[in-house]
Structures are given as structure tokens and as C-alpha cells.
Amino acid sequence: MIFDLKDKIALVTGASRGIGLEIARSLLNEGAKVILCSRKKQGLEAAALALGNPESLTIIPAHIGKPDQVDEMFRIIQEKFGQLDILINNVGMNLITPGIADLTPELWQKIIDTNLSGTFLCSRKAALMMRAKGLGKIVSLSSIAGRKATPGMGIYGIAKAGIEMMTRVLAAELAPFNVQVNCVAPAMVKTDFSKPFWSSKALLDHVTATIPMARIAEIEDVVKPVLFLVSDGSSYITGQTLVVDGGATII
Ligand SMILES: NC(=O)c1ccc[n+]([C@@H]2O[C@H](COP(=O)([O-])OP(=O)(O)OC[C@H]3O[C@@H](n4cnc5c(N)ncnc54)[C@H](OP(=O)(O)O)[C@@H]3O)[C@@H](O)[C@H]2O)c1
């Protein structure tokens with residue numbers, strides 16, 4: 001174990017596949033008890049089976065953009081564990097969006113609900129539990145699309161920029177209670193979510209040409225920075241966004 005999270009209680013949203021599933025696996029490997037959340041129970045059951053270690057796993061299906069479902073998830077966590085040490089706000093959806101002029105208010109609301117309000121709803125409930133205990137770590141997944149205007153991913157990027165600002169505000173508010181709040185902002189990571197880009201050789205070549213390290217990220221490249229930010233190694237780091245992009249935003 002590098003990060004030693006023995007007996008920490010950790011909630012990972014969007015944990016049934018992709019980056020969230022591998023964050024959950026690493027938290028388990030570091031000794032944490034892990035709660036997996038995503039919308040579909042079937043996906044969570046398959047993820048739990050793939051992870052093994054059933055005595056350290058709890059699954060809770062919930063849509064993080066729906067306040068009543070988030071409240072119920074945290075009620076279960078309070079009842080079962082009485083505390084939450086780590087929250088990973090990992091859900092992110094609707095990467096490809098119309099331009100602002102072509103966007104309906106309904107689609108705007110849907111994207112903001114899942115990507116931004118969902119992070120708020122979970123962070124709020126976690127903050128109450130962590131503040132009461134005087135201990136906690138919150139890490140949210142942003143994206144370089146939140147830092148660089150990207151036509152075709154604009155609304156997703158606006159939501160991610162909001163998550164980064166929420167991180168700074170929450171970090172300042174929770175600092176007196178020994179709760180650290182940080183963000184990880186990857187560039188493209190090889191998951192199903194970004195498959196439309198990396199599955200085409202022409203597009204992949206186009207993307208890698210913009211990255212000094214000349215490759216897109218593997219999931220593991222993102223998981224380790226997240227683990228660092230929930231470990232004791234980051235005890236004096238708060239309100240920060242760790243950009244994990246192979247250098248894409250430095251040139
Ligand atoms: N992959 C990339 O290239 C990349 C790059 C930069 C940043 N990111 C960020 O990294 C994070 C993870 O991305 P990923 O590629 O691993 O995504 P992914 O493979 O598409 O997985 C998304 C996960 O979120 C769950 N989910 C979706 N909507 C939800 C909701 N409303 N409530 C609860 N769970 C929900 C999904 O399960 P259900 O369908 O069962 O709900 C699934 O477990 C996201 O925040 C993304 O924006 C990804």
C-alpha cells in the first residue's frame with residue numbers, strides 16, 4: 001500500500017465503469033471501505049462482482065442530479081457507517097454538446113444538473129458529515145475542457161469550470177474543519193466516454209499531436225493523482241486543481 005487508507009469510508013460516484021471503477025479498485029487496495037454509486041443497479045452489481053472484496057463494498061444506485069436520491073444515499077451512508085471520510089465526485093456526462101446559440105434551455109439544464117448540480121448535491125451532504133467529524137477529503141473530476149474553450153464541448157466545459165470554482169469555495173469554507181477539497185482535470189483518457197475520439201486513428205493522431213507526451217492518458221494515469229489527493233500526502237493542499245494532461249495545456 002502506498003497511500004494507506006485503511007478503514008476510511010469512501011464514496012465514489014460514477015463507479016460502475018471507466019475512471020470511477022478503477023478509483024474504487026485502488027481505494028479498496030489501499031484498505032478503504034468503498035461505496036459505489038451510479039444510476040443503474042445492474043451496472044453496480046457487475047462492478048462489485050469485478051472488484052471482489054464484497055465485505056468492503058456497498059452499492060447504492062442513485063442519480064446524483066436528483067436531490068431526493070442523493071439525500072437517500074447519504075441517509076443510508078449515515079445509517080450504515082455514521083461517517084464519510086472521502087468523496088470522489090467522478091460523474092461527468094454529455095461530453096459533446098451543441099454550441100450555445102443552438103442549445104435549448106432543457107438540454108442546458110440536463111447537462112448542468114448532472115455535471116455541476118450533482119457535484120454540489122453530493123459535496124453538500126458530504127461536507128456536513130465531514131465538518132461534524134473535523135476530517136475529510138473531497139476530490140472532483142474536472143477536465144481541461146473546463147479551462148480551454150472547446151467548441152462542441154462547451155456546456156460540459158462550463159460545468160467543469162463551475163466544479164473547479166466550487167472546489168475553491170468549498171475548500172476555503174471547510175479549511176477550518178480540517179477538510180481538504182481538490183480537483184483533478186484530465187485531458188483525454190482512454191474510456192468508453194471518449195471512445196468516439198480515440199477509436200478513430202485519424203482523430204487520435206490529431207489529438208496526440210497536441211500533447212507533449214504524445215499519448216492520451218490511460219485510466220491509471222488519473223487514478224494515482226486522485227489517490228494522492230485523498231491521502232495524508234496532500235494534507236496541506238486544498239482548493240487546487242491538478243491538471244493531468246501529459247503537458248497538453250502548457251503549450
Ligand atoms: N474519459 C475522458 O477522456 C475524460 C477526460 C477528462 C475528464 N473526464 C471526467 O472523468 C470522469 C469519469 O469519466 P469516464 O470517462 O470514466 O466516464 P464513463 O466511462 O462514461 O462513466 C461514467 C459513470 O458515471 C455514471 N453516471 C452517469 N450519469 C450519472 C448520474 N446522473 N448519476 C450517477 N451516476 C451517473 C455511469 O453509470 P450509469 O450509466 O449506471 O449511471 C458510469 O458509472 C467524468 O467526470 C469525466 O467528465 C473524463
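Tutor: Quick definition before we start: a polar contact is a pair of N or O atoms within 3.5 Å. This is a predicted model, where local features need pLDDT of at least 70, side-chain atom pairs count only at pLDDT 80 or more, and totals for chains, interfaces and linings use all residues. Residues are numbered from 1 along each chain as its sequence is written, and side-chain values use heavy atoms, leaving out hydrogens and water.

Student: How far is an oxygen atom of the ligand from an N or O atom in the side chain of Arg39?

Tutor: Arg39 is among the residues that come nearest to the ligand, along with Ser16, Tyr156, Val189 and Thr191. Ser38 also has a side-chain N or O atom 3.2 Å from a ligand oxygen. For Arg39, that distance is 2.7 Å.

Student: How much of the ligand's own accessible area does the protein cover?

Tutor: On the nitrogen side, a polar side-chain atom of His63 lies 3.3 Å from a ligand nitrogen. The ligand on its own has 900 Å² of accessible area (Shrake-Rupley method, 1.4 Å probe). The protein's share of cover is 98%.

Student: Is the pair of Tyr156 and Phe193 rings stacked or tilted?

Tutor: Rings pair if their centres lie within 6.5 Å, with planes under 30 degrees apart counting as stacked, over 60 as edge-to-face and the rest as tilted. The Tyr156 and Phe193 centres are 5.9 Å apart with planes at 50°, so the pair is tilted.

Student: Which ring does the charged end of Lys190 sit over?

Tutor: The rule wants NZ of Lys or CZ of Arg within 6 Å of the ring centre and within 35 degrees of the ring normal. Arg131 does this with Phe177, at 5.9 Å. Lys190, at 5.2 Å from the centre, sits over the ring of Trp198.

Technical notes. A residue is near a molecule or strand if one of its heavy atoms lies within 4 Å of it. A polar contact is a pair of N or O atoms within 3.5 Å; within protein, one must be able to donate a hydrogen and the other to accept it, and residues adjacent in sequence count only if both atoms are side-chain atoms. Rings of Phe, Tyr and Trp (its six-membered ring) pair if their centres lie within 6.5 Å; planes under 30 degrees apart count as stacked, over 60 as edge-to-face and the rest as tilted.
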